[in-house]
Structures are given as structure tokens and as C-alpha cells.
Amino acid sequence: MNLRNTLVRAGAVLASAAAIVSVAAPANAAPRGNARNGSVQVTVVDVTPSTPKPTQKLVPLTVTLQLHNTGATPYNGISVVGERGAPITKQEELDASLANPSAPSTAGLQVDPIRPVTVDLAATEIKTVQFITTTRVPTEAGLCLCAKGAVYPLFFSAHLTIDGVDTVLGDAATYVPAFYQKPPPMYVSWVWPLLERPHRLTADNVFTDDLLAGLVAPGGRLARALDVVSQLPPGQPLTLLLDPELLDELWVMAHQPYTVPGANGKPLAGSGKAVATAWLDELNTVLVNQPDVQVQLTPYADPDVQAVTSHKMTWDATMPTAMTAHVTQILAGRSLDSSVAWPVEGAIGKRTLATLAGDGVNTVLLDSTAVRPQPPAGSVPSGYARVRSGGRDMAAPLLSADVEKAVSKAITLGSAGSGGLQQLVAELAVRVAIAVNNETPAEQGITITAPRYVDPDVTAAVRAITDTSSSTFARPLSLQTAVSGTPLPLPTTASTLAPIPANATRHVPLTIDAAAETSADLPGISSLLDHTDAGARSFLNGLHETVQRAQSSAWRSAPAEASDYANRLTSTVDSVRTGVRIVPPTPGLYTLASSSSPLPVTIDNHLQYPVIVRVNVMTRQGEPGLTAKDIGPQHIDSQQKRTLHIPTTTDRPGRIQIVAELLTPNPQHPMLLSSVDLTVRSTALGFIGVVITIVAGAVLLTALLWRFARRMRQRRRRPPLAATPIPVTEPEPIA
């Protein structure tokens, strides 16, 4: 009884401390108002401990509640009542309770507090109180933990007596797992992602925005996510999933000048140098001081592997050279390990699995519904599966949708916080309870992932990781150890992949289509740009990386940003395709003076890089009249014009309609850059005209010769004329 009295006194002190937040109000008669269920919102803020230990000593159990008067009527003398529902020992029972978390329809077992909990609430006031009870196995008071292993639903309601009638103003439910004896443990492996959408297009130090600076600044999403890892107790195993693209972006921000678009479209200097440096320093401290935190890298930009495969594309498992150097520096001696894959939708097909296996992946995190066969109803869900591709076995930790939902509720900023932890603990404990009550107790394993783009409440997240890993029924285990087969052997039989659900292929972001189109254009663009130019090589490398950035899994959760990024990528490719063109002649007409006159074609290169192009000239719809010779690839300097002279042969005089095409030089991947319709006027006679002229000249010459010959013959046949004497006149004498 001394222990009992001590706990009572301790409870009184704690209850008094909780009551400090309120202002004492006179115990007047409660107002009538519109008192009804819902007038006071009751929220479970915290349960400590989250899992009571099996002991025969009385141990306090503290439930922190928040009461919010949602109306304009003050309520004085509200009492908080606790009840315990029937023990839950099956998954379907827990599912039903979570779907309808209301107090039992029949009278539940009352949970006695060490000291009654009463509170006064002014209009719209919020107060926090503590409901302190005790647990013991078995127990005579407080919370009875009398089942071999179970999850106990607890209900707390705010009551007010009005005119002698007990009125429930509001209620809330929570769950406390407990075991009569310590069961065989469940080994829990946590995966903590530090992932973010890409913030660059083709240039390493040109960012699409400066939002990443805010994310890693104190209080930002990525800053809080890293703080969780920093605040874990020493020896807590955890797998940190990092995207090399994110690390490289932060390295550039910390070590190089970078620009972001300004309001007027002009580039501005980025503002993230200091915060990026601080974030990377904190990560370095974690990696140096916490050897139990393991690191896994996604392929850079964390590609949506199933969507990429479905669009008949591939991703690059190898980082660019500069990125490799930066990431190696950041990881402070840790290996560049990419042996774990986590498909964004939790399901993949055989081709995707084969590609992952070829990239060296030996562990793939899948949804529990992504493999066959499924465990029978009522049995303990499988924690791991074995899948096979190309003769290679791969471990497949199976993620539970119910557990993942509970994780999000328990750790997300602005969600239930530590009050939501109990649902997560219940989801894990019910698996152990199933085995214990089926009298088939055995060690189990489960892998838990935080939301892919986790936005955590740091305190709640740290507690969620530690409480689910170390408790009466749970033990922490690194993912690497878990999939090694020790202490839990993997299944001996390989599972098969289930059909990919529709949500894995539906609502694919626009960036995937943009990536597919750019990927198809890359060979042509590569042949267009002169690789001897350093700027051209840098742009091509950046464009290749941008394709993978557009494949990022992050775009699924950011549709507006995905649309903007897709437009940026498409515009970049279009600017290359339209940056080199044929300049049409001013009158739109070329005149060829002879049948072999060259055709002048002027090429204008607006790009910042030199290019190599090929010109193709042909008549429209293949009509006869003109043929052009292929002069082969031609070099055009950056931002220059050059006139090419295409040798042509014309077969007839007059106007000829032709088409001049500007193409990339690689005949295997030709890309049409520009096309111009032209009119050619030929003054040459052509072959037929020459023949006619020659024939006509020959006929004329023959006619002249014939005429000359006739005249000569006529002269020979005519007789000579008789000579006529000319009289001579004598001159007259001069007088």
C-alpha cells in the first residue's frame, strides 16, 4: 500500500502541474448552452509509456489530453472519464476500431485515474490535462492488462452534468499494447529518406529557383528531417536514403556561385551558401559520430523506375564524374552504396526488376501487395520476401500500407504527433499479438519507411523511431543486417511479382513525357553540336542529366512544379532545334544561269555553340527538273551565318519548285532543323533544248549549203553572152 500511496501522491503532483495551464474558475452550476457531443474537442496528445512493461508492480501510465471548447459557451466542472474496450488480438479487429474509434456501445471497463481529472473551459479555450492511471500484470486497479498479448483501446470522454443529466461533450480514442510476458521480439528496421525534387536544368550552377535554400535553413523541411537523425540516441540503427542529385546541388550552393531567375527574368545570385554549408556540416557530423546510421544512395535524381521502363527509357545508375567527386567528399569516407531500391509506387514489373538487378541492387522495398502469394487471412503478415531476376535472388522487405499511414500520422509536422504514435505502435504490436495468441510465437521482422518527402515534427519523429524499435515486443535492427538472413532467415521460396496496380502507371507526371521526347532527340542534338567545343560538350552532358532529372520520382507529388519543369525542358530542346535555320532569299526566287549553276543556301546559327549540319535539296513531290549534289556535313560557327553553294543540274528552263532541308549530320538519327520552300528560275536550255537547238542548227546549215550548191549548179549551165563593140568618138578640135 505504501507504493500505492506514493503513486497517488505523485499523480496529484503531476495533475496539479497540468492544471497550472488553466485559470481557476468558480464551481458554479454548469450552464445549459448548447452542450452536446462535439462541443468540446478531445485530443490525445501523448501516452507515456507507449508500451507498458509486463510487471507485477504498479507502474504509472500518463495520458496527456487536450480539451478545446469549440463554442461560445463556457463549461465549468468538466470531468474526464476513461474506459478500456475489449482487447484486440486480430488485424481485422484493429482495422475496425481505427475505422470507427468510438467508445464501446456496452459499458466498457472503467479506467480509474489516480486523481480525478476536472477542468473548466471558457469559450473557445484550449487546455491540456493529464489522466494518470496505473498498470500491473495482473492488476487490482487502473488499467487491467489481463490478456496474453493484445492492443487495448482506451477511450477518454469529457462529461458535464446539466440539470442532473450526464452529457458527453466530446471523446477521443487511443491504443496501448501490452503483453503478459515478453514475447519473441519483432525486429524493426527504419529507412529515413532525405529526398527532394531537382532544382537544376542543364547547368550545374544555374538553379530553377532558390527554394532549396529555405528547405535546408533552420526550420525547413530538410533541416528538420536531418535534425531527427542527429538527435537519435547512440546505437540506434537507421538506413539513411540519400539522392546524389540533392547532395550535389547543396555542394554547389556551398562552394560555388550559383544563380536563380529574378523577377524580371534576369539571373540573380543564389542565397543558400551559408545554410547549405551548415546542413552539409551537420550531415558530416552524423556520418562521423553515428556508425549505426547506414547510407544508401538512389540513382541520381531518384528516377521513377517503373514509369521510366514503361516509357521504354532507361536511367543512369552511374553518377557524372563531378557529382561523384562531390558526393564522395560529402559522405566522409562512407562507400557509395546503391544496393537498395525503393520504387515510388511500391510495385515494379519484371523488366524493371531485371534492370535494378543489373545495376547491382540486391534489396528492393516493395508494398506487401506487390508479391504473390499473399499470406492467408488471420495469419501473421510476412515481413520479407525473396524475388528472383536473371537467376539472382533479391531480398524484398514488404511495406505495410497500414503501418506507413500510421507513420505519417505519428511523425508529420502538424499531424497527431506523439498522440498518433499509439496507432503506429498498435499496428506493430497486433502482429506480435496474433502470433502469441495463435500459440505460434516466433521472431518477426518489419521495415518501416518515413514518407518519401518527410516533413517531420522532430520530437515526435525521434520518439516514434525509438519507441517502435525498443519496447517490450520490439528490437532495432539495421536493414542491411535484416536482409542478410540473420537473425531472421529469408523465405526459401521465391515470390512472384503481382500485376502492377493502376496507380503505378496512372497520373504519370508530364516530365516523363518530356524526358521521353528529349531522350529521342538526344542523338540528333549530339550529332548537331560540335564536340570539339567545350561549351557544347558541357551543354550535352547537362542535357543528358536533365533527362534523368525529369524522370525523378519527386514530380509525382509536385504536379505544378512538374508541369513547369517539363515546359522548361521542352523549351530548351526547341531552342536548339530552331536555333539553326535556312535563311530564305529576299525575293523568294533563285535564278540559275546555266544547267550546272550552284544553288546558294545561307545557314544562320543563333546558338552559342558551333554546329555541324547537312543540307538536302530536292524538287517538291519528286518532280523532275533539278537534281542537287550532297556536299556532306558542313561546319557553322556559333552565332554566325554561312552561305553554302550546292551544285545542281537543271534539265529544263523555267520555274522549278524545290525544298531545302537542314538536317543533323548523323544519317542514323536525322533531325529536321529547318525546311524552306524555294522557287528556282532556270534560263538554261537543258538537254532537250540543246538537242533541239543542235538539230535546228543542223537543218539550217543543211538548207544554206543546199541553196549555195544550187546556185553554183545554175551558173555552170548558163551560155556565155556575145561581145558588143563599144563605139569610139573622136575628140573635136579646139578652136
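Two strands are taken to pair if DSSP finds at least two bridges between them. By that criterion strand 27 (residues 611–619) and strand 29 (residues 634–636), which share three bridges, pair in the antiparallel sense, and within this pairing V611 stands opposite I636 of strand 29. The structure that contains them is a predicted model.

**Overall composition and confidence**

The chain has 735 residues, of which 48% count as buried, and its secondary structure comprises 17 helices and 33 strands. Among contacts with a separation of 6 or more, 77% are accounted for by residues 24 or more positions apart. The mean pLDDT of the chain is 88, with 89% of the residues reaching 70 or more. Residues 1–30 have a pLDDT below 50, although this stretch has 31 contacts in the model beyond near neighbours in sequence. Where pLDDT is low, the predicted coordinates should not be read in detail.

**Nonpolar cores**

The largest nonpolar core has 75 residues, and the members that touch the most others are W192 and W279. Helix 11 (residues 418–437) gives the most to this core, contributing ten residues. When neighbours within four places in sequence are left aside, W279 is in contact with L194, V216, L222, A223, L226, L247 and L250. Apart from this core lies another, of 69 residues, which includes A514, V576, Y590 and V680. In soluble globular proteins, nonpolar side chains tend to be buried together.

An open sheet is formed by three strands in the order 24-26-30, with antiparallel pairing. Its edge strands, each pairing on one side only, are strand 24 (580–583) and strand 30 (640–646), and neighbouring strands of the sheet are turned by 30° against each other on average when direction is ignored. Within this sheet, strand 26 (residues 599–605) and strand 30 pair over seven bridges in the antiparallel sense, and K641 in strand 30 is the bridge partner of D604.

**Helix 9 and its surroundings**

In helix 9 (residues 350–358), the residues T352, L353, L356 and A357 are buried. Seen down the helix axis, the buried residues of helix 9 fall within an arc of 140°, so they line one face of the helix. The face turned away from that buried side carries K350, R351 and G358, which are exposed. The packing partners of the buried residues of helix 9 are helix 7 (305–310) and a set of strands, namely strand 15 (340–341), strand 16 (363–364), strand 19 (384–389), strand 20 (392–399) and strand 23 (496–497). Helix 9 is followed by G360, a residue whose phi is positive, near 95°.

**Backbone features in loops**

Two cis peptide bonds and two positive phi values in residues other than glycine are set out below.

| Site | Backbone feature | Value |
|---|---|---|
| T48 and P49 | cis peptide bond | omega about -5° |
| R372 to P373 | cis peptide bond | omega near 0° |
| D163 | positive phi | phi near 55° |
| A332 | positive phi | phi near 50° |

P49 is placed in the loop between strand 1 (40–48) and strand 2 (59–69), whereas P373 is placed in the loop between strand 18 (371–372) and strand 19, and strand 19 is also one of the elements against which the buried residues of helix 9 pack. D163 lies in the loop between strand 8 (149–162) and strand 9 (165–179), where its relative accessibility of 53% is over the 50% limit, so D163 counts as exposed. A332 lies in the loop between helix 8 (321–330) and strand 15, and because its relative accessibility is 36%, A332 counts as partly exposed.

Notes. Residues numbered from 1 in each chain as written. Predicted model: local features only at pLDDT ≥ 70, side-chain atom pairs only at ≥ 80, totals over all residues. Heavy atoms only, no water. Core = buried A, V, L, I, M, F, W, Y, C linked by side-chain atoms within 4.5 Å. Buried < 20%, exposed > 50% of the residue type's maximum accessible area, 1.4 Å probe, protein only. Helix = DSSP H or I, 4+ residues; strand = E, 2+ residues; numbered from the N terminus. Contact = heavy atoms within 4.5 Å. pLDDT = per-residue confidence, 0-100. Axes fitted to C-alpha atoms, helices over the stretch in contact; angles between N-to-C directions. Arc of directions from axis to C-beta.
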